[in-house]
Amino acid sequence: RERPWARALEEPERADWRGLLSGFGCSVDFPASVAYQWLLASFPDAKVILTVRDPHDWARSVATTIWSEYSAERSALLAPFRSAAR
């Protein structure tokens with residue numbers, strides 16, 4: 001099965017971000033938010049909207065939405081979070 005986001009996040013410096021987002025006018029939330037620095041480098045004229053939330057409310061929300069689908073240890077999409085926590 002094709003997993004372009006997982007592959008891109010495994011080696012973000014080598015990923016073809018423009019190719020990955022070809023045909024899209026925008027990206028929101030996860031997994032694009034994990035790759036914001038590489039996306040901004042690839043799309044320097046992009047508009048960015050940053051929202052600020054209470055950290056505890058955010059953690060509760062992400063635990064029951066975004067991460068619930070990808071919480072398995074084998075998830076390549078969460079690899080950046082696992083390595084940062086170590």
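Does Trp5 count as buried or exposed, and at what relative accessibility? Trp5 counts as buried, because its relative accessibility is 19% and the cut-off for buried is under 20%. Please keep in mind that this is a predicted model, and that the values I quote are computed from it.

First, the overall layout. The protein has six helices and zero strands. Reading along the sequence, you get the pattern α-α-α-α-α-α. There are 86 residues in the protein, and 26% of them count as buried. The exposed surface comes to about 6,900 Å², with carbon and sulfur atoms supplying 54% of that area. As for contacts with a separation of 6 or more, 50% of them are between residues 24 or more positions apart.

Now back to Trp5 and its partner. The count of aromatic pairs in this model is one. That pair is Trp5 with Trp17: the ring centres are 5.7 Å apart and the planes stand at 55°, so the pair is tilted. Trp5 sits in helix 1, residues 4-10, and Trp17 sits in helix 2, so the pair ties together parts that are 12 residues apart in sequence. Trp17 is also buried, because its relative accessibility is 3%.

What does Trp17 touch, leaving out residues up to four places away in sequence? The list is Trp5, Ala8, Leu9, Pro12, Ala35, Trp38, Leu39, Ser42 and Phe43.

In soluble globular proteins, nonpolar side chains tend to be buried together. Here, the largest nonpolar core has 13 residues, and the members that touch the most other members are Trp5, Leu9, Trp17, Leu20, Ala35 and Leu39. Helix 1 and helix 2 each supply at least two residues of this core. Helix 1 gives the most, with three residues.

Next is helix 3, residues 36-42. I will take three of its residues in turn. Ser42 lies in this helix and is buried, because its relative accessible area is 18%. Not counting residues up to four places away in sequence, Ser42 touches Trp17 and Arg18. So much for the buried example.

Gln37 is also placed in helix 3. Gln37 is partly exposed, at a relative accessible area of 36%. Between Gln37 and Pro12 there are 25 residues in sequence, while the C-alpha to C-alpha distance is 9.6 Å.

Leu40 is partly exposed, with a relative accessible area of 36%. Together with Tyr36 and Val48, Leu40 makes a nonpolar surface patch of about 310 Å².

Let me step back to the loop between helix 2, residues 17-20, and helix 3. Two backbone details belong here. Asp29 is found in this loop, and Asp29 has a positive phi of about 60° although it is not a glycine. Pro31 is in the loop as well. Which form does the peptide bond from Phe30 to Pro31 take? That bond is cis, with omega near 5°.

Last, the charged side chains. Side chains of opposite charge can pair when their charged atoms come close. In this model the count is two salt bridges.

Glu11 is partly exposed, at a relative accessible area of 41%. Arg14 is exposed, because its relative accessible area is 67% and the cut-off for exposed is over 50%.

The other salt bridge joins Arg60 and Asp57, at 2.7 Å from N to O. Where do these two residues sit relative to each other? They are three residues apart in helix 4, residues 55-64, so about one helical turn separates them. Arg60 is exposed, with a relative accessible area of 53%. Asp57 counts as partly exposed, at 35% relative accessibility.

To recap the main points: six helices and zero strands, a largest nonpolar core of 13 residues, one aromatic pair and two salt bridges. As for the opening question, Trp5 counts as buried at 19% relative accessibility.

Technical notes
Residues numbered from 1 in each chain as written. Predicted model: local features only at pLDDT ≥ 70, side-chain atom pairs only at ≥ 80, totals over all residues. Heavy atoms only, no water. Patch = residues over 30% accessible without salt bridge, like charges linked within 9 Å, V, L, I, M, F, W, Y side chains within 5 Å. Areas by Shrake-Rupley, 256 points an atom, 1.4 Å probe, with all protein chains shown as cover. Salt bridge = Lys/Arg side-chain N within 4 Å of Asp/Glu carboxyl O. Helix = DSSP H or I, 4+ residues; strand = E, 2+ residues; numbered from the N terminus. Buried < 20%, exposed > 50% of the residue type's maximum accessible area, 1.4 Å probe, protein only. Phe/Tyr/Trp six-rings, centres within 6.5 Å; stacked < 30°, edge-to-face > 60°. Contact = heavy atoms within 4.5 Å. Core = buried A, V, L, I, M, F, W, Y, C linked by side-chain atoms within 4.5 Å.
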